[in-house]
Amino acid sequence: MFHFNTTINRIVHSGDRVESVETCDGRIAGDRYVAALASYSSALLSPLGVKVSIYPAKGITVTAPDDAWPQGPQVPVIDDTRLFGLVHLGRHYRLSGSVEFNGWDTTPHSARVKALIVNVLSVFPDFARCYNEQTAQVWAGLRPMPSSGNPYVGATKLKNLYLNCGHGHIGWTLACGSSHLLADLIAGRKPAIDMTGLTPATHL
């Protein structure tokens, strides 16, 4: 069962076990819990005595229709020197990049957006054909950046609580692999890789 548009207020625990999750729609109870809470992991886990070092890093995306430039890149492009990514999604292009460490503010900064556009135009000048400052969809979100560079995947000191968080800017890239590893751990199977540096007990 999925609960969309549901805010988690707190995780309720007693002793060494989680009892339920308190949400804006009431409490939800289960046998085992996986905390995949992105940038909000630290705030929600800290009251349980579960410490994770994850900080929100604001990034920006700009989405524009591909009508005027349908022959643009058909595979994802990442430019590490100019710090942007460009991907063709359906009938749109999505441009992403930039980073700000300024707490929990998710308001896109206009100067950051302009700098991102300048960077992509320096490589793909034809992007100007589909980009319109008035109609482009601009969004900012918080990347969950772990201080060590490694995500948290594995069991916690609470017997029925597991972590799958802190994947930084490559959450989609690591999602399937992390979930597979965590499923093995919960089921008591040996993971396919060495988990040193990933589980909370070995996270450095």
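These notebook entries record what I looked up in a predicted model.

Conventions. I number residues from 1 along each chain as its sequence is written, and side-chain values use heavy atoms, without hydrogens or water. As the model is predicted, local features need pLDDT of at least 70 and side-chain atom pairs count only at pLDDT 80 or more, while totals for chains, interfaces and linings use all residues.

Entry on Ser20. I located Ser20 in strand β2, residues 17-23 (strands are DSSP E runs of at least two residues, numbered from the N terminus). I class Ser20 as buried because its relative accessibility is 5% (buried is under 20% relative accessible area, exposed over 50%, partly exposed in between, with a 1.4 Å probe and protein chains only). Leaving out residues up to four places away in sequence, I list Ile11, Val12, Arg27, Ile28, Ala29 and Tyr33 as contacts of Ser20 (heavy atoms within 4.5 Å).

Entry on Tyr55. I found Tyr55 in strand β5, residues 54-65. With 42% relative accessibility, Tyr55 counts as partly exposed. I also note that Tyr55 forms a nonpolar surface patch with Val99 and Phe101, about 310 Å² of accessible area together (patch residues have over 30% relative accessible area and no salt bridge, and nonpolar side chains are joined within 5 Å; a salt bridge is a Lys or Arg side-chain nitrogen within 4 Å of an Asp or Glu carboxyl oxygen; areas are by the Shrake-Rupley method with a 1.4 Å probe).

Entry on backbone angles. I noted a positive phi near 50° for Asn5, which is not a glycine. Asn5 lies in the segment before β1 (8-14) and is exposed at 81% relative accessibility. For Leu83, also not a glycine, I recorded a positive phi of about 60°. Leu83 sits in the loop between β6 (77-79) and β7 (84-89), and its 60% relative accessibility makes Leu83 exposed.

Conventions
Helices (H or I, at least four residues) and strands (E, at least two) are DSSP runs, numbered from the N terminus. Patches are made of residues with over 30% relative accessible area and no salt bridge: like charges are joined within 9 Å, nonpolar side chains (Val, Leu, Ile, Met, Phe, Trp, Tyr) within 5 Å.
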